[in-house]
Amino acid sequence: MGGFFLDSLVVGIAHMVRRERRRRRALRWSTADGTITRFTTSYGLPTLPLVDYTYQVNGLNYDGSATGSPIRDDQINQIGDLLDSLPTVCVRYDPASPDASRILNEDNPRIPFEIDHLEH
């Protein structure tokens, strides 16, 4: 019984470490202005925000996706309205591979949930 809890704890810690490594690596990347193209949420519990965005590097368009920390159902419309009101978001992209990108909370403090990214 305790093994399941420990396994879950180890997996959770490993996820946080990988996420932090990716975030730190992205801090060294170049930046571009981006636009949020879609906000929706996951089905089920917990409710997770899902964000799609687009950005341009050297005249080429790229897309990215992110998720975030759980939100309450009664926050969905408010968060959607706030994201719709953002004229641009700061996107970090890998100059060696511009299709690799991340949105970071420290670059986008108006995003009201902790950003995480979908695995590609």
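Which side chain meets that of arginine 38 in a salt bridge? Aspartate 52 does, with 2.8 Å from N to O, where a salt bridge is counted when a side-chain nitrogen of Lys or Arg lies within 4 Å of a carboxyl oxygen of Asp or Glu. This is a predicted model, in which local features need pLDDT of at least 70 and side-chain atom pairs count only at pLDDT 80 or more, while totals for chains, interfaces and linings use all residues. Residues are numbered from 1 along each chain as its sequence is written, and side-chain values use heavy atoms, with hydrogens and water left out.

**Salt bridges**

- A search of the whole structure finds three salt bridges.
- Because arginine 38 lies in strand E1 and aspartate 52 in strand E2, their pair ties together parts that are 14 residues apart in sequence; helices (H or I, at least four residues) and strands (E, at least two) are DSSP runs, numbered from the N terminus.
- Arginine 38 counts as partly exposed at 45% relative accessibility, given that buried means under 20% relative accessible area, exposed means over 50%, and partly exposed is in between (1.4 Å probe, protein chains only).
- Aspartate 107 and arginine 92 also meet through their side chains in a salt bridge, at 2.7 Å from N to O.
- Aspartate 107 lies in the loop between strand E5 (97-103) and strand E6 (115-117), and arginine 92 lies in strand E4, so this pair ties together parts that are 15 residues apart in sequence.
- Aspartate 107 is partly exposed, with a relative accessible area of 22%, whereas arginine 92 is buried at 12%.
- Arginine 72 forms a salt bridge with aspartate 74, and the closest N and O atoms of this pair are 3.0 Å apart.
- Arginine 72 counts as exposed at 52% relative accessibility, and aspartate 74 is exposed as well, with a relative accessible area of 59%.

**The nonpolar core**

- The largest nonpolar core has 20 residues, and those with the most contacts inside it are Tyr55, Leu83, Ile111 and Phe113; such a core is a set of buried Ala, Val, Leu, Ile, Met, Phe, Trp, Tyr and Cys residues joined through side-chain atoms within 4.5 Å.
- Two or more residues of this core come from each of strand E1 (30-41), strand E2 (49-57), strand E3 (60-68), helix H2 (76-85) and strand E4 (89-94), and E2 gives the most, with four residues.
- Leaving aside neighbours within four places in sequence, tyrosine 55 is in contact (heavy atoms within 4.5 Å) with a list of residues that includes Asp33, Leu60, Tyr62, Val91, Tyr93 and Pro98.

- The buried residues of H2 are Ile79, Gly80 and Leu83.
- These residues cover an arc of only 100 degrees around the axis, which puts them on the same side of H2; the arc is that of the directions from the helix axis to the C-beta atoms.
- An α-helix has 3.6 residues a turn, so residues three or four places apart point the same way.
- The face of H2 turned away from its buried side carries the exposed residues Asn77, Gln78, Asp81 and Asp84, while E1 and E2 are among the parts that cover the buried residues.

- Alanine 32 is found in strand E1 and is buried, with a relative accessible area of 11%.
- The C-alpha atom of alanine 32 is separated by 5.9 Å from that of cysteine 90, although the two residues are 58 residues apart along the chain.
- Not counting residues up to four places away in sequence, alanine 32 touches Gln56, Val89, Cys90, Val91 and Tyr93.
- Threonine 41 also lies in strand E1 and counts as buried at 16% relative accessibility.
- With residues up to four places away in sequence again left out, threonine 41 touches Thr47, Leu48, Pro49, Leu50, Ile71 and Ile76.

**Backbone details in two loops**

- The peptide bond from leucine 45 to proline 46 is cis, with omega near -5 degrees, and proline 46 is found in the loop between E1 and E2.
- Asparagine 58, in the loop between E2 and E3, has a phi near 50 degrees, which is a positive value in a residue other than glycine.
- Asparagine 58 is exposed, with a relative accessible area of 76%.
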